[in-house]
Amino acid sequence: MRILLLVTAFNGLSQRAWCALREAGHEVGVLFATSERDMIDGVKSTGPDLIICPFLKERVPREVWQHWRTVIIHPGPVGDRGPSSLDWAIGDGVRSWGVTALQAVEEMDAGPIWATRTFAVPAAPPRKSSLYNGPVADAAMECIAEVVGKAQDPGFSPADAADAADAPDAPDAADARPRPLMRQEDRAFDWSDSTEQILRKIRAADGAPGVRTEVSGLPVFAYDALPGLARAGRPGQLLSRRQGAVLIGTGDGSIWLGHLRAAELPRAGIKLPATTLLSTRLRGVPHSPLPPGSEPEHPATYRQIRYRRSGAAGWLSFDFYNGAMAPGHSRRLLAALRHAAGQDTEVLVLRGGTDTFGNGIHLNVIEASPDPASAAWASIRAINEICREIIMCTRQVVIAAYAGSAGAGGVMLGLGADIVAARDGIVLNPYYDMGLYGSELHTFTLPRRVGADRAQELIDDKLPVSATRARSIGLVDEVGPRHPDAYTEWLAALAEREGDARLARNRRQAKARRLAAERVPLEVYEARELAEMSRDMYADRSGFAAARHDFVRKVKPSETPDRLLLGGMKPRRRTTVLRPAVPLSA
């Protein structure tokens, strides 16, 4: 089939759907909902058999849904309607929720039902982004597969919403109902409220729009909340700071806030690590540092990085908010990595977060800096140190575990590992955008994994890659189960297998021989990459400043990139050359 994805943004779910449909043999294109006229013209020019909207905030024009079968993927069960479905579900503490594929009609979210799925919601409030990227996305993919199958059946007719709502596994009708946009008045809390209440409010708004509150006299929007110690201080009091987060007293304990966004100028609109935004307001607020490798397994400790040992394996886990790494994040991860590499284990597992393995440099911190070019330069230099440590590690077998999706520098970060193990269903974006040539030593690692021609193709095409396809082209070595718990068990079994002393020794020795045989030092690859990056960061030769600004400020795209359109794609110039005129390797 010719399938068009009509989207507000080409986000994680849209990319996952694009990959799955293409791998199923369909011709798939993407159209951004930039304006009503653009949507109508774009659909007319592509003539799709089916339109699917996996992530769409705009209304589908009547001229589109009246002439083309258009199916909306709504993040709520049958009967739920409105733009804040997940916000209400988390805020109300529902224990069962769903995803519905419904046909577009005049009234939003009110059309006939093509498919629906339900799933359990944890009792502890999940982050909205985690719920969306996990259970919601999984249910949505099942719905999309069912929709495509039914679209090819000439005898299929979608069900009336009232009939579908009576299904035995449908969520409580009291929860699945039309709801308005959740506004800040609905999200408001007082610092004298319980930690659980505040946590639920903030997590229901995590990602966007955040919850407006006041911290140390500064009006802000709060994100990235974790429960702290019980009975720690008076409500609203700044108690401590750690790894970019601040600890604030609540009515019955305390809560960590990792990120804040100023509600007023001059930094309004930029989400930043809490300590970066509060800055001088933190005078007298104590630090609570702990050296790498010694962090206690206590749920009230704010930790982005953890290390533990299990048998012959050392496990170094890191989880940076939105996968973004400022120099401080990179320095902490590098210190922990060196600590882990110094242990007498056979295997070192480097595992990123379940939401994302990583996305590279912290564009928000760079944009907020008084000297963005130098901030970007410091960020990439710091990440490169981690990449070099991974590539050169010969004391352990290094397994890079991609539990979550990754983009740009996040993909390249782990490619120097001996084994790259991805979780099924994640999406990798192994290319650079934002007007940057890219670094992370990718000119060394990427061609050695997929070959020079394929590496150049990935960089030039700028298209997402599923875990399944990544394995088929050698970008990753292993793909484990989709469910996070099952993936953890599978990963432990992989680490145990690779931890066999003889097998591990042979693998380490083979790696040492390969590195010793390299004719060109690793520093040369980095020097060449940084020479290109310096032109992008300091001379802005490819529009890094504007692209960064639009990303941070969430500027809506004005057109759909040619590479995503359904049908004839325009030729594109090669923006990155992995093979220089003088080869860097024999």
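In this predicted model, helix α1 (residues 12–23) packs on helix α5 (residues 128–151). The crossing of α1 past α5 is right-handed. On the α1 side, the contact uses Leu13, Arg16, Ala17, Ala20 and Leu21. On the α5 side, Tyr132, Ala137, Asp138, Ala140, Met141, Ile144 and Val148 take part. Ten of these residues are nonpolar, two are charged and none is polar.

Helix α12 (residues 372–392) and helix α19 (residues 522–538) form another packed pair. The angle of about 160° makes α12 roughly antiparallel to α19, because angles over 145 degrees count as such. This crossing is right-handed. From α12, the contact residues include Trp377, Ile380, Arg381, Asn384 and Arg388. From α19, they include Leu522, Glu526, Leu530, Met533 and Tyr538. The contact has eleven nonpolar, three polar and three charged residues.

| Helix pair | Angle | Axis distance |
|---|---|---|
| α1 and α5 | about 35° | 10 Å |
| α12 and α19 | about 160° | 11 Å |

Helix α5 also lines a pocket. This is the second largest pocket, with a volume of about 1,300 Å³. Its lining has 40 residues; Ser130, Arg306, Asp319, Gly353 and Thr354 are the closest to the centre. Which element gives the most to the lining? It is α5, with five residues. Strands β8 (218–227), β13 (305–310) and β14 (313–318) each supply at least two residues, as does helix α17 (484–498). By class, the lining of this pocket has 17 nonpolar, ten polar and 13 charged residues.

How values were computed:
Residues numbered from 1 in each chain as written. Predicted model: local features only at pLDDT ≥ 70, side-chain atom pairs only at ≥ 80, totals over all residues. Heavy atoms only, no water. Axes fitted to C-alpha atoms, helices over the stretch in contact; angles between N-to-C directions. Helix = DSSP H or I, 4+ residues; strand = E, 2+ residues; numbered from the N terminus. Left-handed = near helix turned anticlockwise from the far one by under 90°. Contact = heavy atoms within 4.5 Å. Nonpolar A, V, L, I, M, F, W, Y, C, P; charged D, E, K, R; others polar. 1 Å grid on protein atoms, 1.4 Å probe; cavity = no way out; pocket = protein on both sides within 12 Å on 5 of 7 lines; lining within 4 Å. Points joined across faces, edges and corners; volume = space filled by probe spheres on them. Parallel < 35°, antiparallel > 145°, perpendicular 65-115°, else oblique.
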